[in-house]
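Student: Could you show me how to read a protein model, one feature at a time?
Tutor: Gladly; let's look at it together.

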Amino acid sequence: MTADVWLPIPPDEIEGLPEGPAYRHWDGEETFPADPADCAFYVVPYMRPSAVGVRPLPEMRSVQVVQTLSAGIDHVEPGLGHLPAGVRLCNARGVHEASTAELTLALVLASLRGIPDFVRAQDHGEWLGGFRPALADRTVLIVGYGSIGAAIEDRLVPFEVAPVVRVARSARTTARGPVHPLTELPALLPRADVVILSTPLTEATRGLVDAEFLARMKDGALLVNVARGPVVDTKALLAELESGRLTAALDVTDPEPLPPGHPLWHAPGIVVSPHAGGPTSAFLPRAKRLLVDQLTRFVNREPLRNVILTTGA
């Protein structure tokens with residue numbers, strides 16, 4: 001195989017890449033490393049704006065695989081219409097579960113236990129005592145129970161939470177218990193003390209957390225978003241935060257990045273992290289293992305993992 005493979009990680013830093021392809025390093029720079037028309041396997045640059053990642057797609061007339069290094073694929077969807085039929089789009093399932101689940105627990109605990117308030121008080125030398133909510137005995141609802149949702153539950157269990165309620169697009173049974181379909185979500189929301197969003201951004205989930213969704217949440221509940229910003233209606237969330245009825249912890253926002261002066265920065269009861277779920281020390285080794293495995297399968301003409309869709313299908 002002599003086809004080009006474009007990688008956002010320098011090829012000489014990835015041990016175990018199969019021989020055969022011509023490896024090109026491109027991480028979103030203005031100049032392409034080679035003719036995009038010769039690229040057969042394209043790994044989309046990680047944590048780059050959507051416009052950067054999709055820029056070479058119209059010229060990739062020979063591409064067979066587009067591999068993201070993110071769990072979501074919404075950032076490449078605008079460019080899929082430029083691709084020939086039969087191109088496999090794969091996501092990075094298995095890369096971000098640990099890091100995203102860690103941050104989710106950090107956001108939940110920080111919000112419930114008032115860590116941001118402690119840090120602000122420390123800046124002023126103030127001893128800020130008092131009772132705070134615990135995670136123990138709380139009912140947690142996970143909306144979007146894929147591999148990341150399951151990893152979040154794995155980390156919740158040792159904290160002695162009340163039963164975890166799971167929701168996904170369709171009903172199924174797991175080793176931990178049932179997964180409810182999205183259609184049952186309205187009836188489940190009033191039960192939850194903590195609602196965690198880990199769903200992909202699709203037409204079905206865009207704006208899912210609207211005024212009606214939020215109104216069904218119980219007084220004092222915490223909303224945690226580690227999914228995508230547009231899953232939540234920002235205006236509706238701001239209204240609930242400003243009333244003091246709900247609190248929130250957001251790793252993703254709409255708009256994103258959150259611009260200076262945006263009211264979310266200063267809304268009461270909110271913790272904001274800058275889309276930090278994936279980029280940790282755990283990312284690179286897992287991303288490299290994924291690429292070696294996928295490219296080995298590609299070279300050997302074996303089935304690829306994590307195929308989300310095939311263009312023209």
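Student: Is T174 buried, partly exposed or exposed?
Tutor: Before that, a word on the model: it is predicted, so local features need pLDDT of at least 70 and side-chain atom pairs count only at pLDDT 80 or more, while totals for chains, interfaces and linings use all residues. Residues are numbered from 1 along each chain as its sequence is written, and side-chain values use heavy atoms, with hydrogens and water left out. Now, buried means under 20% relative accessible area, exposed means over 50%, and partly exposed is in between, using a 1.4 Å probe and protein chains only. T174 counts as partly exposed because its relative accessibility is 22%.

Student: Where does T174 lie, and what does T174 touch?
Tutor: T174 is in strand β8, residues 172-174; strands (E, at least two residues) and helices (H or I, at least four) are DSSP runs, numbered from the N terminus. Contact means heavy atoms within 4.5 Å. Not counting residues up to four places away in sequence, T174 touches Y145, R166 and V179.

Student: Is T199 buried or exposed?
Tutor: T199 counts as buried because its relative accessibility is 11%. T199 is found in the loop between β10 (194-197) and α6 (211-216). Leaving aside neighbours within four places in sequence, its contacts are V143, G144, T205, A227 and V231.

Student: How many bridges join β11 to β12?
Tutor: Two strands pair if DSSP finds at least two bridges between them. Here four bridges join β11 (residues 222-225) to β12, and the two run parallel. N225 stands opposite L250 in β12. From β11 the chain crosses through helix α7 (residues 234-243) to β12, in a right-handed β-α-β crossover: with the strands pointing away from the viewer, the path from the first strand over the helix to the second runs clockwise.

Student: Which residue stands opposite L250 in β13?
Tutor: That residue is V272. β12 and β13 pair in the parallel sense over three bridges.

Student: Which residues lie nearest the centre of the second largest pocket?
Tutor: Rolling a probe the size of a water molecule over the atoms shows where empty space is left. On a 1 Å grid over the protein atoms alone, a pocket is an open set of points where a 1.4 Å probe fits, with protein on both sides within 12 Å along at least five of seven lines; lining residues have an atom within 4 Å of a point. The second largest pocket is lined by 25 residues, and S111, T247, G269, I270 and V271 lie nearest its centre. Among the elements that each supply at least two lining residues are α2 (97-113) and β12 (247-250).
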